[in-house]
Amino acid sequence: MKYPISLFLLLTTVLFSCQNENEKRLAENAKEAKKKEAIFNNINKGWTFLDEPINEISESQLNSWTEWREFMKEIGEKPRKTIGAFQKKSAAISRKAMALNNNIPAQFNQPQIKSRISILITKIRMLDLFIHLNKIPDDKVVFLIQEINKELISLERQMDKIVEKAKIPKEEGEEDFLRMLDTTRAIPNSAPPIDPNIPKVE
């Protein structure tokens with residue numbers, strides 16, 4: 001008689017411990033789901049890129065730059081529903097940003113534009129890295145989106161400066177002077193150094 005009672009008590013204890021484990025697991029899953037939802041909501045709220053040109057001048061000049069148009073189109077489309085959608089979109093934006101180094105219009109193919117594109121690409125790739133981590137730092141993701149917007153504004157303003165500067169008429173002879181400056185910089189100083197020990201012939 002002792003054995004069935006002790007067996008019954010053992011089974012009861014095992015059932016209660018299993019039930020406690022299940023409740024604990026369900027509570028942890030609910031907590032994890034809430035955390036993921038909070039991260040999603042924060043990223044969803046902060047995912048706003050400046051996809052419109054800040055000036056008509058740069059817009060008209062950039063129509064021929066396919067890579068720029070595709071990049072702007074990509075950042076203009078906001079993902080929906082899941083973190084996975086944001087991760088896919090981030091990877092797509094990163095690919096389009098990398099392509100910005102190709103076929104830069106001659107007018108904008110200048111060091112100040114290239115450096116701003118490089119900074120923009122770096123920040124976009126950081127965004128892509130952070131959003132693909134197992135524990136997504138949502139605050140950093142939102143902060144990087146704001147930084148990317150600042151870089152876009154900086155890049156477009158620089159483009160506008162270049163367009164405005166090109167409109168200023170050059171004075172007569174200015175182009176010849178600039179060309180002459182470039183050629184004098186290009187000619188190396190080829191005269192050998194003067195040795196003071198060699199007597200001068202006059």
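## Burial and the model

A residue is called buried when its relative accessible area is under 20%, exposed when over 50%, and partly exposed in between, using a 1.4 Å probe and protein chains only. W47, with a relative accessible area of 2%, is therefore buried.

The model is predicted, so local features need pLDDT of at least 70 and side-chain atom pairs count only at pLDDT 80 or more, while totals for chains, interfaces and linings use all residues. Residues are numbered from 1 along each chain as its sequence is written, and side-chain values use heavy atoms, with hydrogens and water left out.

## Aromatic residues

Rings of Phe, Tyr and Trp (its six-membered ring) pair if their centres lie within 6.5 Å; planes under 30 degrees apart count as stacked, over 60 as edge-to-face and the rest as tilted. By this rule there are five aromatic pairs. In one of them, the ring centres of W47 and F49 are 5.4 Å apart with planes at 90°, so the pair is edge-to-face.

F49 has a relative accessible area of 7% and is therefore buried. W47 and F49 belong to one aromatic cluster together with F40 and F86.

## Helix 3 against helix 6

Helices (H or I, at least four residues) are DSSP runs, numbered from the N terminus. Axes are lines fitted to C-alpha atoms over the stretch in contact, and angles run from 0 to 180 degrees between N-to-C directions. Helix 3 (residues 66-76) packs on helix 6 (residues 138-167) at about 150°, with the axes 14 Å apart. The two are therefore roughly antiparallel, a term for angles over 145 degrees, whereas under 35 is roughly parallel, 65 to 115 roughly perpendicular and the rest oblique.

The crossing of helix 3 and helix 6 is left-handed, meaning that the near helix is turned anticlockwise from the far one by less than a right angle. W68, F71, M72 and I75 of helix 3 make the contact with L152, L155, E156 and M159 of helix 6, where contact means heavy atoms within 4.5 Å. These residues divide into seven nonpolar, no polar and one charged. Ala, Val, Leu, Ile, Met, Phe, Trp, Tyr, Cys and Pro count as nonpolar, Asp, Glu, Lys and Arg as charged, and the others, Gly among them, as polar.

## Helix 5 against helix 6

The axes of helix 5 (residues 111-131) and helix 6 come within 9 Å and cross at roughly 165°, which makes helix 5 roughly antiparallel to helix 6. Their contact residues comprise 17 nonpolar, three polar and five charged. This crossing is left-handed.

T122 lies in helix 5 and is partly exposed, at 45% relative accessibility.
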